[in-house]
Every structure is written in C-alpha cells, then in structure tokens.
Amino acid sequence: MHDDKRVQDPYCIRCQPQVMGACFDILTAAAKTLIIEANAVTDNPLILSNGAVVSGGNFHAEPVAFAADQIALALCEIGSISQRRIALMVDPAVSYGLPAFLVQNAGLNSGFMIAEVTAAALMSENKQMAHPASVDSTPTSANQEDHVSMACHGSSRLLAMSENLFTIIGIETLVAAQGIECRAPLKTSPLLQSVMEYLRKNIMTLKADRYMAVDLEKVHILVSEGHLLSVLPETVFPKLELE
C-alpha cells in the first residue's frame, strides 16, 4: 500500500516470530521429555537383572506433568496472538481502510463479528485450561502417596485446547483471506495466494451474512488435518529437532 502512513505494526503482527519461536522452543523441549519418559521403566518395584527387588519412584510423572503444562502454555499463547490479529482486521478503527467486520453494508450485515466473538471465547477457555496442573497435589493412601504430579489432568485437557486452537486459527485464516480480497487489486505473496485459492475451493467469500457454523467446521478440518499446509513447500515451516 503506497499511502500507508503507519510507523509500525502492533505487536501481534510485528512480534509474531518471537512469540511463535518461543512456543516452538517449549514444544520441542516437551517433545524431548515425552520421548524419554515413553521409553523409561516405570514399574514399582523394579526387578533387576540380579534378582534384586528395589522400591523406586520412576512412576512419578512429574516430567510428563511439566511437559503437559508447557504444551498448554504454547497452545494458549498461539491462540492469544491469533485472536488479536483477528480483532485487528475486523475493527475499522485499526484495520486501515478495511470495511467493518470485513463485509459490505456493515450494520445490515454482521460479517465476521460473531466469528471474532467465537475466537475470543475459545481463547479465554484455553486461558482457563492453561493453569499449571502440576502445581496441584492432594495426599491420598494414608499419606503414602503424599505428592502426585497430576499429569493425567494436565494431559487430558490438551486435546480440547488443541481443538479450540484449530478453530481460532481457522477463523484467522478466513478473516485474513477476506481482508486480502477487500484490498483487491492488491495481492498477497505467491505462496499465500496458493493457500487462498485452496481455501476458496472449499469455502466461498463472505459477501452477505450466512450461517457460519458450516464454514467454521470446514476451516477447522482444513487446519487440523493439515490440508492448507499441503499446498506449501515443506521448507516453509520448521521441524521439531529431537536429536
């Protein structure tokens, strides 16, 4: 945009690499921990090769609990910064010329208003679930089991958090594509243009209000099953280095 007089972008855009890099680092660390624990001996007692019986505590899942808490933090932050970009694009006060809620005849049409609210609700739900499970412990078994990791609680929430995140990112994808189309004849990069073309084969541009649950379900699948990524070269995204 030749007439763009903004000095710099908000943090949710400008600091995207730093936030995602930090999330990627802790996901990598968590993955390494989980690989170690998956290959560990957790029996109690341990029966050694010489026949000795040793009472131990390898079953204590503190490493798994910490890893689950780290994953939860990453999921929460990725959704949080994504939601801020959604809010940025639908608000005409800060979107620099985009129509309100990315639809024509705003007021008559609500556009992506409710989709933004959906993303905000899911983001807040993930924030609540991101509280560290490992800080909680209740003694049981006559105080024999007096400190536990709560790893099961910490791990079981991650699926729900991931599903929420897929929807948040899906909404951002729809909003971003709509925003790019509102900027026509300007275009995005060739790589992102290929993503948009794939997206539009599955979900039409929002020209007037319609029941959006179907669109959100479709984009959730496109994100969660990796269909949108399939049109991009593998070198675009970093890979977990676990060695």
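**Questions about a predicted chain**

Biologist: Where is Asn105 found?

Modeller: Asn105 is found in the loop between α3 and α4 (113-129). Helices here are DSSP runs of H or I with at least four residues, strands are runs of E with at least two, and both are numbered from the N terminus. This is a predicted model, in which local features need pLDDT of at least 70, side-chain atom pairs count only at pLDDT 80 or more, and totals for chains, interfaces and linings use all residues. Residues are numbered from 1 along each chain as its sequence is written, and side-chain values use heavy atoms, with hydrogens and water left out.

Biologist: Why does Asn105 count as exposed?

Modeller: Exposed means over 50% relative accessible area, buried means under 20%, and partly exposed lies in between (1.4 Å probe, protein chains only). Asn105 has 53% relative accessibility, so Asn105 counts as exposed.

Biologist: What makes Thr167 buried?

Modeller: Its relative accessible area is 14%, so Thr167 is buried. Thr167 has its place in helix α5 (residues 151-182).

Biologist: Which residues is Thr167 in contact with, leaving aside its neighbours within four places in sequence?

Modeller: Thr167 is in contact with Leu122 and His220. Contact means heavy atoms within 4.5 Å.

Biologist: Which residues of α2 are buried?

Modeller: They are Cys23, Thr28, Ala30 and Ala31. What covers them includes α3 (62-90).

Biologist: How does the radius of gyration of the chain stand against that of a compact globule?

Modeller: The rule for a globule is 2.2 Å times the number of residues to the power 0.38, and the radius is taken over C-alpha atoms. A compact globule of 243 residues would have a radius near 18 Å, but the chain has 23 Å. The C-alpha atoms fill a box of roughly 75 × 40 × 35 Å, taken along the principal axes.

Biologist: What share of the chain is buried?

Modeller: Buried residues make up 33% of the 243 residues.

Biologist: How many helices and strands are there in the chain?

Modeller: There are 7 helices and 2 strands. From the N terminus on, they run α-α-β-β-α-α-α-α-α.
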